[in-house]
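The following account leads the reader through one protein structure, beginning with a single pair of facing residues and widening from there. Please keep the sequence and the model at hand while reading.

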Amino acid sequence: MDLIMKSREMRFSIFIFFSFILVLAYTSTCVGEVLFEDDFEGGTVDKKKWNPAETWVVKKGVLDANGGEVGITVKNGFTDFEFYADFNMLSANKFAPNFVLRAKDKDNCTLVQLVADARNQFWWFTKVGGKYIVDAKNFQANESGVKPELGKWYSIKLVAKGNRYEIYLGEQGKELKLACTWEDKTHNKGGIGFREGAGEHCKYDNVVVTTIGHSFDNATPVNKNDKLPTMWGNIKRSY
């Protein structure tokens, strides 16, 4: 009996030790701040959060954007930040995903479009005074090794820091890899959002904006499978 009790005490002590290490690691790596988030589970577009395009609707907990041009967040004070989202392109031309950054309003913003046809590129461009400014020199190769396909979910992280922009891309729930970088000084502050031109159709979900370097304890915000409660539960079940 004494041997059994000592064994249980030892296992409990190991559990407490690893729990402490886990909490310490979590608190040390979760730095920075979440500035904005929306998972669209409310059933409708939240107009306290968004200044949406006319065509935006929420279906089954995801944002469905079919044409309608630019929609942006109401909050427009983001300067340097990381912008995460999941997307699922539905347009046959594979031009659908357009991401909006540093939008002063719908007529003044920085944008990047995924061109997932044979060119496999990201097209950076700007909008100033309601006019799109597009130059082929700002078309960047997608170097992530991930080429999105129609009807599948992917995750993206866009980083805006000073004049530098970075894109990280991956399949939903998997590691995000650097796809391209770009530099531009047209816009330095504003909201985030999405754009769908005529004939473009895409779904979006799990939108998160954070400060630069914010950590999600080694999990992306769109892949919550490795968050602290789950890891803690796994430790409990092992003892």
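Leu111 stands opposite Phe125, a residue of strand S9. The model in which these residues are seen is a predicted one.

Strand S10 (residues 131-133) pairs with S9 in the antiparallel sense, over three bridges. Here Thr126 stands opposite Ile133 in S10. Two residues lie between the strands in the hairpin of S9 and S10, where Gly129 takes a positive phi near 60 degrees. Strand S11 (residues 139-141) is also joined to S9 by three bridges, and these two strands run antiparallel. In this case Phe139 in S11 is the bridge partner of Trp123.

Asn142 is found in the loop between S11 and strand S12 (154-161). Because its relative accessibility is 9%, Asn142 counts as buried. A polar atom of the Asn142 side chain lies 2.8 Å from the backbone oxygen of Val146. Leaving aside residues up to four places away in sequence, Asn142 touches Asn120, Gln121, Phe122, Pro148, Leu169 and Ala179.

Asn93 lies in the loop between S6 and strand S7 (98-105). With a relative accessible area of 34%, Asn93 is partly exposed. Its side chain reaches the backbone nitrogen of Phe95 at 3.0 Å. Asn93 and His201 are 108 residues apart along the chain, yet their C-alpha atoms are separated by 9.7 Å.

A pair of aromatic rings is described by the distance of the centres and the angle of the planes. How many aromatic pairs does a search of the whole structure find? The search finds 19 aromatic pairs. One of them is formed by Phe83 and Phe194, a tilted pair with 5.9 Å from centre to centre and 55 degrees between the planes. Phe83 lies in strand S6 (residues 81-89) and Phe194 in strand S15 (residues 191-196), so the pair ties together parts that are 111 residues apart in sequence. Phe83 counts as buried, at 0% relative accessibility, and Phe194 is buried with a relative accessible area of 0%.

Tyr165 and Trp182 provide another example: their ring centres are 5.6 Å apart and their planes stand at 40 degrees, so this pair is tilted. It links distant parts of the chain, with Tyr165 in strand S13 (residues 164-171) and Trp182 in strand S14 (residues 177-183), 17 residues apart. Tyr165 is buried, with a relative accessible area of 0%, and Trp182 is buried, with a value of 6%.

Ring pairs also build a cluster, which links Phe36, Phe40, Trp50, Trp56, Phe83, Phe87, Phe99, Tyr154, Phe194 and Tyr204.

The charged end of Lys157 sits over the ring of Tyr168, at 4.6 Å from the ring centre. Arg195 lies over the face of Tyr132, with 4.9 Å to the ring centre.

These details may now be placed within the whole chain. The protein chain has two helices and 16 strands. It contains 239 residues, of which 47% count as buried. Among contacts between residues at least 6 apart in sequence, 61% join residues at least 24 apart. The accessible surface of the chain comes to about 12,400 Å², and carbon and sulfur atoms account for 53% of that surface.

Key: Residues are numbered from 1 along each chain as its sequence is written. This is a predicted model: local features need pLDDT of at least 70, side-chain atom pairs count only at pLDDT 80 or more; totals for chains, interfaces and linings use all residues. Side-chain values use heavy atoms; hydrogens and water are left out. Rings of Phe, Tyr and Trp (its six-membered ring) pair if their centres lie within 6.5 Å; planes under 30 degrees apart count as stacked, over 60 as edge-to-face and the rest as tilted. Helices (H or I, at least four residues) and strands (E, at least two) are DSSP runs, numbered from the N terminus. Buried means under 20% relative accessible area, exposed over 50%, partly exposed in between (1.4 Å probe, protein chains only). A charge sits over a ring if NZ of Lys or CZ of Arg is within 6 Å of the ring centre and within 35 degrees of the ring normal. Two strands pair if DSSP finds at least two bridges between them. A polar contact is a pair of N or O atoms within 3.5 Å; within protein, one must be able to donate a hydrogen and the other to accept it, and residues adjacent in sequence count only if both atoms are side-chain atoms. Contact means heavy atoms within 4.5 Å. Accessible areas come from the Shrake-Rupley method with a 1.4 Å probe; for residues, only the protein chains shown count as cover.
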